[in-house]
Amino acid sequence: MQDEKWLSGTELKGKIVTLIPLQLDHASALVETASDGELWDLWYTKIPNKETVNGYIELALSEQGAGCSLAFSVIDNETQTIIGTTRLCHADCVNKRVEIGYTWYAKSYQRTSVNTECKFLLLSHAFENLSAIAVEFRTHWHNHASRNAIARLGAKQDGVIRNHQQMADGSYRDTVVFSIINSEWLAVKASLLFKLERRS
């Protein structure tokens, strides 16, 4: 039985960004964010457009209500605008495992400190507040930018799930699975803080 109290709505504030609970009224801002780079055209991931954004958010909130997900909008602290979204998802509350996924940012914020700080905030919450024993990351085999970004965080590749999911175009997704376990967190934390301090 899922312990729905394990994941509960919260705000995670950093120096660069703040993660606030995702809401339906964030829809138009998310579409505007995704238009920076026309992210919905990326074939190997699912980024919402104006036709799909409400369903995207409603599904996230439904999973959150079931206790297996916690969705955030990413706010740029300087401009106070939404620049992306991310999520704790596929939570196994019994075994204290959770995945960080559904992460995307406006193109102009990619390859900046934003992703590093977002992951730092989420990992800190998972390991230090939720006492998670492992945090997973999953991405499409062909999403090389995502795979490289996950590896730079200090996550280790667990393996590849072949023919994991069928895509909308009929192709099959091979999913690359990475993780950070609780005994690795202090070293990963030190590495992330070092990266953030060097870029500040």
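## Exercises on a predicted model

In this predicted model, 8 strands form an open sheet in the order 1-2-3-4-5-6-8-7, with mixed pairing; two strands pair if DSSP finds at least two bridges between them, and strands (E, at least two residues) and helices (H or I, at least four) are DSSP runs numbered from the N terminus. Residues are numbered from 1 along each chain as its sequence is written, and side-chain values use heavy atoms, with hydrogens and water left out. Local features need pLDDT of at least 70 and side-chain atom pairs count only at pLDDT 80 or more, whereas totals for chains, interfaces and linings use all residues.

**Exercise 1.** Describe how strand 5 is joined to strand 4 and to strand 6.

*Solution.* Begin with strand 4 (residues 81–92), which runs antiparallel to strand 5 (residues 97–105) and is joined to it by 6 bridges. Then turn to strand 6 (residues 134–140), which runs parallel to strand 5 and is joined to it by 4 bridges, with Val-135 of strand 6 as the bridge partner of Val-98.

**Exercise 2.** Decide whether Ser-73 is buried or exposed, and list its surroundings.

*Solution.* First locate Ser-73 in strand 3 (residues 70–76). Its relative accessible area is 0%, and therefore Ser-73 is buried (under 20%; exposed is over 50%, partly exposed in between, with a 1.4 Å probe and protein chains only). Next, its side chain makes a polar contact with the side chain of His-26 at 2.9 Å (a pair of N or O atoms within 3.5 Å, one able to donate a hydrogen and the other to accept it; residues adjacent in sequence count only if both atoms are side-chain atoms). Finally, leaving aside residues up to four places away in sequence, the residues that Ser-73 touches include Thr-18, Leu-19, Ile-20, His-26, Ile-82 and Gly-84, where contact means heavy atoms within 4.5 Å.
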